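Thanks for asking me to look this one over. Here are a few notes to read alongside the model.

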Amino acid sequence: VTISCFDPVRREIAKQAMSKLVQDGRIHPARIEKLVDDARNEVEKTIREEGERAAYETGVHGLHPEIIKLLGMLRFRTSYGQNQHAHAIETAHVAGMIAAELGADVEIAKTAGLLHDIGKAIDHEVEGTHAVIGADFIKRYGMKDKRVINAVAAHHHEIEQEYVESYIVEAADAISGARPGARRESLESYIKRVKTLEEIATSFE
């Protein structure tokens with residue numbers, strides 16, 4: 001199996017195939033091929049199911065099957081230890097809540113929140129940043145609303161934010177990524193954070 005360390009889907013296929021191969025014990029070319037095919041089918045099924053689950057859980061409907069597929073692929077992608085599929089769902093929910101509080105468009109904020117990091121599913125294959133790649137991809141596969149496209153493209157300030165929903169998605173992304181426990185942190189920063197909390201607690205009688 002050819003494995004790219006930057007391709008999380010191929011890595012998952014290889015991992016599953018190797019695991020079954022070691023358990024099975026029969027290691028020869030035909031058997032390897034069969035187990036790789038089985039693993040590929042299993043991963044493709046998971047991708048489809050996870051993409052559909054993300055859309056269902058956030059109430060985002062009418063997405064093109066290719067967009068659903070990329071959402072599912074985020075299940076095998078992490079950033080600083082945070083699973084990007086879970087992060088996309090969480091960002092959508094947070095963006096929706098902020099939009100409701102501010103009187104912005106909840107549906108647009110949730111859709112853009114769900115799709116904001118979709119470019120990370122293919123940024124190892126396509127030239128450019130994940131924000132720009134993601135915006136181009138959803139546009140190519142039927143996303144007409146300029147507010148969603150702008151929010152996805154602008155969430156790291158690579159282009160100008162033109163709508164209130166773009167600011168909301170950026171804020172929701174930051175909240176999801178920065179909450180305690182969301183991402184892996186070094187022992188040093190963890191100790192520093194706990195020490196600061198301890199100092200706050202002991203500053204009271």
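What percentage of the 205 residues of the protein chain count as buried? The share is 41%. Please keep in mind throughout that this is a predicted model.

1. Overall layout. The protein chain has nine helices and two strands. Read from the N terminus, its elements follow the order α-α-α-β-β-α-α-α-α-α-α. Along the principal axes, the C-alpha atoms fill a box of roughly 65 × 50 × 30 Å. If you look at contacts between residues at least 6 apart in sequence, 57% of them join residues at least 24 apart.

2. Helix α2. This helix covers residues 29-58, which makes 30 residues. Just after α2, glycine 59 takes a positive phi of about 70°.

3. The buried side of the account for α2. Its buried residues are Arg31, Leu35, Val36, Ala39, Val43, Ile47, Glu50, Gly51, Ala54, Ala55 and Thr58.

4. How α5 meets α7. The axes of α5 (residues 106-115) and α7 (residues 146-154) come within 9 Å and cross at roughly 40°. The two helices are therefore oblique to each other. The crossing in which α5 passes α7 is right-handed. On the α5 side, the contact is made by Ile108, Thr111, Ala112 and Leu115, while α7 contributes Arg147, Val148, Ala151 and Val152. Sorted by class, this contact has six nonpolar residues, one polar and one charged.

5. Aspartate 173. This residue lies in helix α8 (residues 164-178). Is aspartate 173 buried or exposed? With a relative accessible area of 10%, aspartate 173 is buried, because the cut-off for buried is under 20%. Leaving aside residues up to four places away in sequence, aspartate 173 touches His87, Thr91, His116, Asp117, His155 and His156.

6. Take aspartate 173 together with valine 36: they are 137 residues apart in sequence and, C-alpha to C-alpha, 36 Å apart in space. Valine 36 is one of the buried residues of α2, and aspartate 173 is buried as well.

Methods:
Residues numbered from 1 in each chain as written. Predicted model: local features only at pLDDT ≥ 70, side-chain atom pairs only at ≥ 80, totals over all residues. Heavy atoms only, no water. Axes fitted to C-alpha atoms, helices over the stretch in contact; angles between N-to-C directions. Helix = DSSP H or I, 4+ residues; strand = E, 2+ residues; numbered from the N terminus. Parallel < 35°, antiparallel > 145°, perpendicular 65-115°, else oblique. Left-handed = near helix turned anticlockwise from the far one by under 90°. Contact = heavy atoms within 4.5 Å. Nonpolar A, V, L, I, M, F, W, Y, C, P; charged D, E, K, R; others polar. Expected span 1.5 Å × (residues − 1). Buried < 20%, exposed > 50% of the residue type's maximum accessible area, 1.4 Å probe, protein only.
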